[in-house]
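Trainee: I would like to go through this model with you. Can we start with the terms and then take the parts in turn?

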Amino acid sequence: MRRSLTAGSALAAPRKAGPARIQVKGGRERHLKKVGGDACLLRGSDPGGPGLLPPRVLNPSQAFSSCHPGLPPENWEKPKPPLASAEGPAVPSPSPQREKLERFKRMCQLLERVPDTSSSSSDSDSDSDSSGTSLSEEEAPGEARNGRRPARGSSGEKENRGGRRAVRPGSGGPLLSWPLGPAPPPRPPQLERHVVRPPPRSPEPDTLPLAAGSDHPLPRAAWLRVFQHLGPRELCICMRVCRTWSRWCYDKRLWPRMDLSRRKSLTPPMLSGVVRRQPRALDLSWTGVSKKQLMWLLNRLQGLQELVLSGCSWLSVSALGSAPLPALRLLDLRWIEDVKDSQLRELLLPPPDTKPGQTESRGRLQGVAELRLAGLELTDASLRLLLRHAPQLSALDLSHCAHVGDPSVHLLTAPTSPLRETLVHLNLAGCHRLTDHCLPLFRRCPRLRRLDLRSCRQLSPEACARLAAAGPPGPFRCPEEKLLLKDS
């Protein structure tokens, strides 16, 4: 009896001192409260297996009584610490109750060591990143031994969803790495946007400073007259001499025409150099210029008068439909593949953003005087649009257009055609649908000076000779067969 009272008083002492709660930080304590209410303290029979703590653990006696409700207090034994030696691990006790209490004590010691190594420093109830990290560290040993993931909705799973891995306490290596959600697509690289302005009309200084401190006797105007006799390669060499010559050589009078043809690709330095020189004629034939590059150029070359785009793709040439070309006089679109009436209609029609107050709709090619459309699949519908929206054409190239025939010549020379009085040069070479019946129609064009009918298989040389002898207002000369020329 005395022995049972002594054991009861020893076990009741912690109750008077108050509940020995385990000090767990905010996020971990909230997680422990979510675990089942009065479940058993330990699960499984493995001595080293993990366990789940009930929400409120007062002392070992209460935990033991919760697992063995039918055992009287007289049979309880006071837990003893495990015996550890340097030679080997602790020797387990033969009593099963003591073995369970020892496992509980080791679990408590593990929970007490985890907050010391954790990097969590937040005691608030907010769901912060530090609390999630400490919880993932606490649950890591159980996951390693049982091979189970944490409960759904736990903070450890939230951390792993965010791209972090659970880390074993006291070690630097990762413990779990299951596949996460799909990574967001990479952001496309932003193109460099900068303003390229042409040089001023009269760049300073007006004289060339010498190394001795004096100025050269020749002024800038005299130097520019010398530079005008140089080609593009020599001008680029002169730009390397000094800073003053470099600024003078950017004068647009030295660059009336720039030829970038037959280049596979155009680099940004090339485009910037074209804009700074402001040429009047630009040749981009048979190049790999893109629609974005061409649009960027045309919006900065408002004084461009001649544009050659022969051999380019229609995808890049379609940039003409959205670029203003007020000074354009020559447009070369020869041998562009897959051009239909719909594409030409988009090019010839006025822009769709025409203001309602405008009395007349002006097309994009309203001021073009020379148009080269060789090798395109033009039909009579496209020619009608051409007569309406390009009324000032003086030179028209329709060579090797498979659909051009006698009705097309009738449209060009009709009394209602504006080109009847403006055409000076007409090229119809290679149009195999033309016959001798269309030759008298060319007499309606009084200003015609050049008519090219070479390689037209259905035209006879005799009919062409008769047209050359009579001709509109005067006779033509024939340097070649089916080529009619008249001296102005």
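Mentor: One definition to begin with. Two strands count as paired if DSSP finds at least two bridges between them. Keep in mind that this is a predicted model.

Trainee: What is the average pLDDT of the protein?
Mentor: pLDDT is the predictor's confidence in each residue, from 0 to 100. Of the residues, 59% score at least 70. The average for the protein is 74.

Trainee: How many contacts does the model have for residues 116-178, beyond four places in sequence?
Mentor: Handle this stretch with care, as its pLDDT stays under 50. Where pLDDT is low, the predicted coordinates should not be read in detail. Residues 1-28 also have a pLDDT below 50, with 33 contacts beyond near neighbours in sequence. For residues 116-178, the number is 86.

Trainee: In what order do the strands of the open sheet run?
Mentor: The sheet holds 10 strands, and the pairing is mixed. The order is S3-S4-S5-S6-S7-S8-S9-S10-S12-S11.

Trainee: Which are the edge strands?
Mentor: An edge strand here pairs on one side only. Between neighbouring strands of the sheet, the average turn is 5°, direction ignored. The edge strands are S3 (257-259) and S11 (477-480).

Trainee: Which residue in S12 is the bridge partner of Arg477?
Mentor: S11 pairs with S12 (residues 483-485) in the antiparallel sense, over 2 bridges. The partner of Arg477 is Leu485.

Trainee: Which residue takes a positive phi in the hairpin of S11 and S12?
Mentor: The hairpin has 2 residues between the strands. The phi in question is near 65°. The residue is Lys482.

Trainee: Why do the buried residues of H13 line one face of the helix?
Mentor: The buried residues of H13 (residues 341-348) are Gln343, Leu344, Leu347 and Leu348. Seen down the helix axis, these residues line one face because they fall within an arc of 125°.

Trainee: Which helices are included in what covers the buried residues of H13?
Mentor: Buried means under 20% relative accessible area. The cover over the buried residues of H13 includes helix H12 (314-317) and helix H14 (380-389).

Trainee: Is Ala221 buried, partly exposed or exposed?
Mentor: Ala221 sits in helix H7 (residues 220-227). Its C-alpha atom is 9.2 Å from that of Thr207, 14 residues away along the chain. With a relative accessibility of 48%, Ala221 is partly exposed.

Key:
Residues numbered from 1 in each chain as written. Predicted model: local features only at pLDDT ≥ 70, side-chain atom pairs only at ≥ 80, totals over all residues. Heavy atoms only, no water. Helix = DSSP H or I, 4+ residues; strand = E, 2+ residues; numbered from the N terminus. Axes fitted to C-alpha atoms, helices over the stretch in contact; angles between N-to-C directions. Buried < 20%, exposed > 50% of the residue type's maximum accessible area, 1.4 Å probe, protein only. Arc of directions from axis to C-beta. Contact = heavy atoms within 4.5 Å.
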